[in-house]
Amino acid sequence: MNTRRHVLLTLLAGSAVLAGCAGPQVSDYAQQRPALQLDRYFNGRIRAHGIFQKRGGEVVRRFTVVMDCHWEGNQGVLDEAFSYSDGSTSRRVWRLTKHEGGRYTGRADDVVGEAAGQESGNAFRWNYTLRLPVDGKEYEVQFDDWMFLVDERVMLNRATMSKFGITLGEVLLSFTKE
């Protein structure tokens with residue numbers, strides 16, 4: 001009986017892992033319109049409003065972002081100024097490179113290594129590891145960031161934050177291009 005239970009639990013765990021790998025791909029959105037051109041959308045001033053939710057759904061942080069963005073050739077700078085509901089502020093400056101085939105790479109001071117992304121249709125998927133300060137300590141957390149262009153001015157963003165493959169929470173953002 002214990003052997004059967006062990007086999008059953010192993011199969012269930014394996015199925016859960018495989019199901020997690022079967023998520024959507026950015027190429028699934030290739031036919032969706034309007035088509036997103038990340039370097040065109042993130043050019044000029046953009047405002048965003050967002051929340052961070054713990055994995056159980058509790059909203060624990062609200063924030064706004066003012067982004068000043070510009071591109072020269074295939075090189076872009078996204079200068080993000082964050083204002084949080086508790087009165088604190090922060091800043092992140094992304095330095096992006098546009099590559100062939102809708103691929104992007106990027107770096108920022110609090111990003112570990114290089115971020116990698118791909119646009120297709122109205123979607124952009126962005127993966128990176130962020131050094132996140134929490135209560136005087138820093139943690140490295142992974143972001144799986146999805147952006148969807150709604151129209152020429154509005155883009156929605158949902159980012160899942162995880163550590164060791166365990167979801168910690170989600171960031172939801174609405175970008176508005178000025």
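**Pocket lining**

I looked up which element gives most to the lining of the largest pocket: β7 has the largest share, with 8 residues. Strands here, like helices, are DSSP runs numbered from the N terminus (E, at least two residues, for strands; H or I, at least four, for helices). This is a predicted model, where local features need pLDDT of at least 70 and side-chain atom pairs count only at pLDDT 80 or more, while totals for chains, interfaces and linings use all residues. I number residues from 1 along each chain as its sequence is written, and side-chain values use heavy atoms, with hydrogens and water left out.

I then noted the volume of this largest pocket, about 1,100 Å³. Tyr84, Arg92, Leu130, Leu132 and Phe143 are the closest to its centre among the 44 lining residues. Two or more lining residues come from each of β2 (59-72), β3 (75-84), β4 (89-98), β7 (123-134), β8 (137-149), β9 (154-163) and β10 (166-177).

For my own reference, a pocket is an open set of points on a 1 Å grid over the protein atoms alone, where a 1.4 Å probe fits, with protein on both sides within 12 Å along at least five of seven lines; lining residues have an atom within 4 Å of a point. The volume is the space filled by probe spheres set on the points, which are joined across faces, edges and corners.

I sorted the lining by class and got 31 nonpolar, 11 charged and 2 polar residues. Nonpolar covers Ala, Val, Leu, Ile, Met, Phe, Trp, Tyr, Cys and Pro; charged covers Asp, Glu, Lys and Arg; the others, Gly among them, are polar.

**Barrel**

I traced 10 strands closing into a barrel in the order β1-β2-β3-β4-β5-β6-β7-β8-β9-β10, with antiparallel pairing. From one strand to the next, the twist averages 25°, taken between N-to-C directions of axes fitted to C-alpha atoms, on a scale from 0 to 180 degrees. Pairing requires at least two DSSP bridges between two strands. Antiparallel strands β5 (residues 103-107) and β6 (residues 111-120) share 4 bridges; glycine 106 has alanine 115 of β6 as its bridge partner.

**Two residues I checked**

Is asparagine 157 buried or exposed? It is buried, because its relative accessible area is 6% (buried is under 20%, exposed over 50%, partly exposed in between, with a 1.4 Å probe and protein chains only). Asparagine 157 sits in β9 and touches Asp145, Trp146, Met147, Val171, Leu172, Leu173 and Phe175, leaving aside residues up to four places away in sequence; contact means heavy atoms within 4.5 Å. Leucine 173 is 16 residues from asparagine 157 in sequence, and their C-alpha atoms are 4.9 Å apart.

Serine 120, in β6, is buried too, at 15% relative accessible area. Beyond residues up to four places away in sequence, serine 120 touches Val26, Ser27, Tyr29 and Ala30.
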